[in-house]
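User: I would like to learn how to read the packing features of a structure. Could you take me through them step by step?

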Amino acid sequence: MASNNESAGPITWCAIIGITCMLLLLFKQILWLVLPILLGFVLYYLLSPMAKRLVLAGASVETAAMALSGTFLLVLGGWLLVMYPWVMANAEEWQSTSLRYLVRGSSALENILTGLQRKFSFLQNADLEESLRQSLHAIVSQFSGKHFSTAILALAGWLPSLLLTPLITYFLLRDVSQLRKFVASAVPNAYFEKTLYLIHALDRTARLFFIGLLKLAALDALFLSGGLWILGVPSALLLGIIAAVLGLIPYLGPLLGCALAVMVTSTDFPSATSLVYWVIGLFGLVRVVDDFLLMPYIIGKSMRIHPLLTLLMFVVGEAIAGVVGLMLVIPILGIVMVTGETAEVIFRDTRLRARHVFARRLRQRLDEQDLSN
Amino acid sequence: MLLEFVKKHFEPPHFAALREISLFAELSTGELRTVDNLLHQRTYIQDEIVFDEGEQGQAVYFILQGKVLVCRQGRPVDGVIAEISAGECFGELALLDDVPRMAQVRAAENCTLAVLFRNDFLNLLQTHSVVSSKLSLQLARLIGSRLRGAVYRCVV
């Protein structure tokens, strides 16, 4: 089995990283399908303990799967129905509020840069302020007409695809044992037990990763909301939750979350520049705790991936598939890693190979028996 | 409702072979269906090795058809420990613990085996308490009878 004392060699690791990169390239092309499947798996891992309880209480597997995924679909549908009129009624106000926050936020950023340029002479020569001002003005001027509507349209475009998620979850909850049997049936007898172990290990790795990620988001939401509340920032809970959800996107997400909090703070407290620094400090602190303490402990531990490799794979994932690559690289690496490690253990096991060859020879002899008679 | 009734009371043909297995003797049709969903059916050819002595055990095997030979590693002629026939099971200790196999098992003739993986059994303990308690009781009886047999052989 792929245990700690049977870790993969350098050739296997090269293959693992290569296959991860190829899968990222492929998934980038079929993202409309990959995303609902991924969300379906996350939902499956979240709901499977509840499904087990329902089955223990006497419900059949089908009923439990139907009840849970159906409830999720109903809650989601109900929420959308309730939200739709509210969103429509407030959309215009939100657009103007967002624009106001963006204008104030960009002017706060300009003020910070001006202050820095006054203090450090080498920044004055870099002409940083002017180029940043031009970029920010371009974003602000196009915000209402282009960026806001593009974001809303992109979200609406993803909705039909995301509605597949409860359906995928239902089939996973109902048929996961059949799926395992189907995969195992394709494996020769000699490798059968180890393959069953591999399937179990893959399942365990994915479960720990997805649940770990959600735990991390919950902790981030708690720390950020608490910190922002202590600092006196308005809507601290909402900002903390949004920033924690954005934080699921490695690197870019925390920056977006921090930028959002800075925009709100600088708009609501235009004269309190020190508060903006405190907010940036809070996000920095949470990031450091996440990256160096919680993430390697909760996620790195579940996948037994070295923190340095995790970091490098984030860079590689981003280079290959952008934000999508950042989000998908670690789950894909984890699954390919467990598969690769176990495949290496099976390939190295000369006894298993010999047994497989022996069984094939026996079957061939049986097939040819009546031919020689 | 009618479909549920039909599903519960009419058994697929391979259930007859499963009913012959002592571990499943006390299961109702619905309970047997639950276990059947977890069983992997495998066919082995005469002389094919099912598992080796010292190999990490992950599953228990039930013989649906044919016979297997339990022997010392690589000694199917002079190291025979037992011959097990249809309706019996072997490797049952793997359900309880992650321990190495104590002997080699080979197919004495062409046979069909049903395999229950340990993690599936552990999941069954969490989801189907009645089924798993019936299986556990039968498993305890089986291990008890094998222990009695071993003690009897030592004494005699």
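Analyst: We will go through helices, sheets and the contact between the chains in turn. This is a predicted model, in which local features need pLDDT of at least 70, side-chain atom pairs count only at pLDDT 80 or more, and totals for chains, interfaces and linings use all residues. Residues are numbered from 1 along each chain as its sequence is written, while chains are lettered from A and ligands numbered from 1 in the order in which they are written.

User: Let us start with chain A. How many helices and strands does chain A have?

Analyst: Helices (H or I, at least four residues) and strands (E, at least two) are DSSP runs, numbered from the N terminus. Chain A has twelve helices and zero strands, giving the pattern α-α-α-α-α-α-α-α-α-α-α-α along the sequence.

User: What share of the residues in chain A is buried?

Analyst: A residue is buried if 20 or more other C-beta atoms lie within 10 Å of its own, exposed if 12 or fewer, and partly exposed in between, with C-beta atoms placed from the backbone. By that count, buried residues make up 27% of the 373 residues in chain A. Ala154(A) is exposed because 9 other C-beta atoms lie within 10 Å.

User: Which residues of H8(A) and H9(A) meet?

Analyst: Two residues are in contact if their C-beta atoms, placed from the backbone, lie within 7 Å. From H8(A) come Leu239(A), Ile242(A), Ala243(A) and Leu246(A), and they meet Gly253(A), Leu256(A), Gly257(A), Leu260(A), Ala261(A) and Val264(A) of H9(A). For classes, Ala, Val, Leu, Ile, Met, Phe, Trp, Tyr, Cys and Pro count as nonpolar, Asp, Glu, Lys and Arg as charged, and the others, Gly among them, as polar. The H8(A)-H9(A) contact has eight nonpolar, two polar and no charged residues.

User: What about H2(A) and H7(A): at what angle do they cross?

Analyst: Helix H2 (residues 31-56) and helix H7 (residues 192-231) of chain A cross at roughly 90°, and their axes come within 10 Å. That makes H2(A) roughly perpendicular to H7(A). Phe41(A), Val42(A) and Tyr45(A) of H2(A) make this contact with Ala206(A), Arg207(A), Phe210(A) and Ile211(A) of H7(A). Its residues are six nonpolar, no polar and one charged.

User: Now chain B. In what order do the strands of its sheets lie?

Analyst: Two strands pair if DSSP finds at least two bridges between them. One open sheet of four strands has the order E2-E7-E4-E5, with antiparallel pairing. Its edge strands, each pairing on one side only, are E2 (49-51) and E5 (75-85). On average, neighbouring strands here are turned by 35° against each other, direction ignored. Another open sheet of four strands, also antiparallel, runs E1-E8-E3-E6, with E1 (40-44) and E6 (89-90) at the edges.

User: Which bridges hold these strands side by side?

Analyst: Strand E4 (residues 67-72) and strand E7 (residues 104-107) of chain B pair over four bridges; Cys71(B) stands opposite Gln104(B), and Leu69(B) has Arg106(B) as its bridge partner. Two bridges join E2(B) to E7(B), where Ile49(B) also stands opposite Arg106(B). Five bridges join E1(B) to strand E8 (residues 111-117) of chain B, and Arg42(B) is partnered by Leu113(B).

User: How many residues of the two chains touch?

Analyst: 19 residues of chain B are in contact with 19 residues of chain A. On the chain B side, E1 and H4 are the elements that give two or more residues, and that side divides into six nonpolar, nine polar and four charged residues. Helix H4 (residues 118-127) of chain B lies across strand E3 (59-65) and E8, running at about 55° to E8(B).

Methods:
Axes are lines fitted to C-alpha atoms, for helices over the stretch in contact, and angles run from 0 to 180 degrees between N-to-C directions. Angles under 35 degrees count as roughly parallel, over 145 as roughly antiparallel, 65 to 115 as roughly perpendicular and the rest as oblique.
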